[in-house]
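Trainee: Let's go through this one together. Please put it up on the screen.

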Amino acid sequence: MNEEQFKRSAALLSNFKTRSEITLEEIPAPQKLAKFAYALSADVSNGLIGDAEAELANGRFVILHEPGGQDSWEGKYRCVTFANADLDATEADDPNLPEHGWNWLLKALEENGCNFAAPSGTVTRAISHSFGKLSTNNDGGEIEIRASWTPIISKGEELVGHLQAWCHFLAEISYLQPIPEGVATFRR
């Protein structure tokens, strides 16, 4: 893939539409990790309006492309992601949460028909307890997932499927209800 083909793939990613609770925005991509890079940030809300609106999660999705490939990637592309979501106290106390977080990512990739290799990452669970004047705050925590994988692609259009899988993953860690097949969502 040359620079022009990568630009076409990036244009497909920039025009990708996801569910209304997820807002995607192009951000500056890292410059030193690969010859070509494209990055998006995501904010996930509960979908409500005004004072009832709350942010549930956020993240970054980066596509790296090195025409000669990199041995550690096992390919010419690498998807790199970061995602962070708030949890209530019960969710944060679940000792299996890191495994669930990792499996949610792999499941999203598989269910969206993404071919990939060399997945790696970390899942961090943080639990917060408030004291003193802050004790009126609800205890809870957060999950943070840092992951990367090598998309197996032939043309570049397949990168859209990886972005779609990542958006489904964000919805999963945010505990958003699935959208039934054939139902459209509207942007606010």
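Trainee: Which residue is the bridge partner of A126 in strand 6?

Mentor: E142 is the partner of A126. This is a predicted model, where local features need pLDDT of at least 70, side-chain atom pairs count only at pLDDT 80 or more, and totals for chains, interfaces and linings use all residues. Residues are numbered from 1 along each chain as its sequence is written, and side-chain values use heavy atoms, with hydrogens and water left out.

Trainee: And what stands opposite I127 in strand 6?

Mentor: G141 does. Strand 5 and strand 6 (residues 140–151) run antiparallel and are joined by 11 bridges. Strands and helices here are DSSP runs, numbered from the N terminus (E, at least two residues, for strands; H or I, at least four, for helices). Two strands pair if DSSP finds at least two bridges between them.

Trainee: How many bridges does strand 6 make with strand 4?

Mentor: 10, again in the antiparallel sense. On that side, N84 stands opposite E144 of strand 6.

Trainee: What is the strand order in the sheet?

Mentor: The order is 1-2-3-4-6-5, an open sheet of 6 strands with antiparallel pairing. Strand 1 (22–27) and strand 5 (116–128) are the edge strands, each pairing on one side only. From one strand to the next the twist averages 15 degrees. For such angles, axes are lines fitted to C-alpha atoms, for helices over the stretch in contact, and the values run from 0 to 180 degrees between N-to-C directions.

Trainee: Which strands does helix 3 lie across?

Mentor: Helix 3 (residues 97–111) lies across strand 4, strand 5 and strand 6, at about 145 degrees to strand 5.

Trainee: How much of strand 6 is buried?

Mentor: 10 of its 12 residues, so strand 6 is mostly covered, given that buried means under 20% relative accessible area, with exposed over 50% and partly exposed in between (1.4 Å probe, protein chains only).

Trainee: Changing topic. How many salt bridges are there?

Mentor: The count comes to 2, with a salt bridge taken as a side-chain nitrogen of Lys or Arg within 4 Å of a carboxyl oxygen of Asp or Glu. E144 and R146 meet in one, at 3.1 Å from N to O. R146 counts as partly exposed because its relative accessibility is 40%.

Trainee: Which residue does R19 bridge to?

Mentor: E21, with the closest N and O atoms 2.8 Å apart. R19 counts as buried because its relative accessibility is 12%, and E21 is buried too, at 14%.

Trainee: What joins its side chain to S148?

Mentor: A polar contact of 2.8 Å joins R78 to S148, and another of 3.3 Å joins R78 to S120. The term means a pair of N or O atoms within 3.5 Å; within protein, one must be able to donate a hydrogen and the other to accept it, and residues adjacent in sequence count only if both atoms are side-chain atoms. Beyond four places in sequence, R78 is in contact (heavy atoms within 4.5 Å) with residues including V62, W73, A118 and W149.

Trainee: What is phi of A118?

Mentor: Near 50 degrees, a positive value in a residue other than glycine. A118 is found in strand 5.
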